[in-house]
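Dear colleague,

Please find below a structure that I am passing to you for your work. I would be grateful if you would look through it before reading my notes.

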Amino acid sequence: MPRASTVYICSACGGESLKWQGSCPACGEWNVLERSSAARPAGRASPAGAAAAPLALQAAGEPLVRLGCGLAELDRVLGGGIVPGSVTLLGGDPGIGKSTLLLQVAAHAAAGAPVLYASGEESGAQVALRARRLGLSPGSLEVLPETHLEGILERAAERGAALLVIDSIQTVASGALETAPGAVSQLKECAAELVRFAKRTATAVFLIGHVTKDGAIAGPRVLEHLVDTVLYFESETASRYRIVRATKNRFGAVNELGFFAMTEGGLREVRNPSAIFLARAAQPAAGSIVTVTRDGGRALLIELQALVDRMRFGAPRRIAQGLDANRLAMLLAVMNRHAGVSLQEHDVFVNAVGGVRIDETAWDLPVVLALASSLGERVIPGTRVAFGEIGLTGEVRPVAYGEERLQAARKQGFQSALVPRENAPRRPIDGLHVLPVARVEEALAAAFSEPPRSAPPGCAPARS
Ligand code: TYD
Ligand code: MG
């Protein structure tokens, strides 16, 4: 017998409370608890077929065959395609292209297996119109303009769908709850039910979730712990480029990035993202330098910019966009102590161009060089890249995948690279002049010189 139990769920953080209170006991927000009477099964009901078995036997099941998305960039972010029975949440601002992306994926998958696209946001005709505009041949793709969870699951089971897209999870409601679609209780209940369905039937499920600015509708964050994979769709304002970032992935690496461009014909993957980020770099200017970073699985070239300005009043400002501000403060201290470059009387701004977030230490060295470049109004040659970590004693430390970064820089046409001594390649790289450095003051002395034109390409002699 199902037993009705009443809980109060916070629409801000998703926390639960057994009694109503003015503020949420978990996050402290006011007026956010809402009543939810979930019908919970009493006793230890377990879904059919969920018998315990030794781990060795479980693993010896069928090999994992992933579904292809038709977009190699998205397959890569997912860890090599869509895993049957997995649940993936795709979050992002309204209008960024979530429906477009998943309609493309659904149409591709429908060429080989039954696919159901449940759309509570748009009518079947609207979705069909969009598909035609995108030039998609729908195959066995079925669009269901339905917002009742039970109806969607019934249809998906009937069709034996290999892929089910829910557009969006905020428009779906379960009959088991009285609350309106978009309320936290509905969101969680529907997502949990979809997860159970996915695991039971091996249907891969995609949930679209709008990131909302006001708290009227709960955002996708409250669902992150329920699903296997969380992707966020990001974009710079007014840019046609889009980045899909995996912030959680049970079947692949996190922080993997996929690059796309929104075109008249839908989303196209961008195979060489470095070219885009660098195309924006104008003529070499003081304060600008290109670095080679690694996102998940590959090297990516990005322009870093620094602006150093004499402080007008109060405390000096330290602003970092796309980079860690605490690390910037540490680099400023190292510059002061070990290279005699003091920025204590200056406001400092640094920016990773293109709206990318860099979560690694390889940008230490380029940031220091860009700061010195801005301070002294000296230009770093536009054909030069730099990467490397900087330690508290002013030493330049190696970073992982040095050789791969150098190869990527060469491929983009760069001619010289300022790198940690331990990252100097064992064999010369054709056409790339490598400047290995061991200390920050040494790097500052070498950064501004033009690379030798007539010198034989390859590695400069490493210091002993
Ligand atoms: P959409 O996928 O509806 O966004 P979401 O589901 O995240 O809300 O994308 C809507 C935007 O994309 C809209 O502003 C129009 C634009 N767009 C294109 O530029 N090209 C296209 O082929 C399509 C389908 C949409
Ligand atoms: Mg949409």
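The notes below set out what was found, beginning with the conventions.

This is a predicted model, in which local features need pLDDT of at least 70 and side-chain atom pairs count only at pLDDT 80 or more, while totals for chains, interfaces and linings use all residues. Residues are numbered from 1 along each chain as its sequence is written, chains are lettered from A and ligands numbered from 1 in the order in which they are written, and side-chain values use heavy atoms, with hydrogens and water left out.

The chain as a whole

The chain has 464 residues, and 50% of them are buried (under 20% relative accessible area, with exposed over 50% and partly exposed in between; 1.4 Å probe, protein chains only). Its secondary structure comes to eleven helices and 21 strands; these are DSSP runs, H or I of at least four residues for helices and E of at least two for strands, numbered from the N terminus. Of the contacts (heavy atoms within 4.5 Å) between residues at least 6 apart in sequence, 67% join residues at least 24 apart.

The sheet

Nine strands form an open sheet with mixed pairing, in the order S6-S5-S7-S8-S4-S9-S10-S11-S12; two strands pair if DSSP finds at least two bridges between them. At the edges are S6 (141-144) and S12 (266-269), each of which pairs on one side only.

Strands S7 (residues 163-167) and S8 (residues 204-210) are parallel and share four bridges, with Leu 163 opposite Ala 204. Strands S9 (residues 229-235) and S10 (residues 241-249) run antiparallel and are joined by seven bridges. S10 also pairs with S11 (residues 257-263), again in the antiparallel sense, over five bridges. Val 244 of S10 stands opposite Phe 233 and also opposite Gly 258 in S11.

A buried glutamine

Gln 104 lies in helix H3 (residues 98-109) and is buried, with a relative accessible area of 10%. Leaving aside residues up to four places away in sequence, Gln 104 touches Leu 71, Leu 134, Leu 136, Gly 266, Leu 267 and Arg 268.

Charges over rings

The charged end of Arg 294 sits over the ring of Tyr 401, 3.6 Å from its centre (CZ of Arg or NZ of Lys within 6 Å of the ring centre and within 35 degrees of the ring normal). The charged end of Arg 405 sits over the ring of Phe 387, 5.6 Å from its centre.

With kind regards
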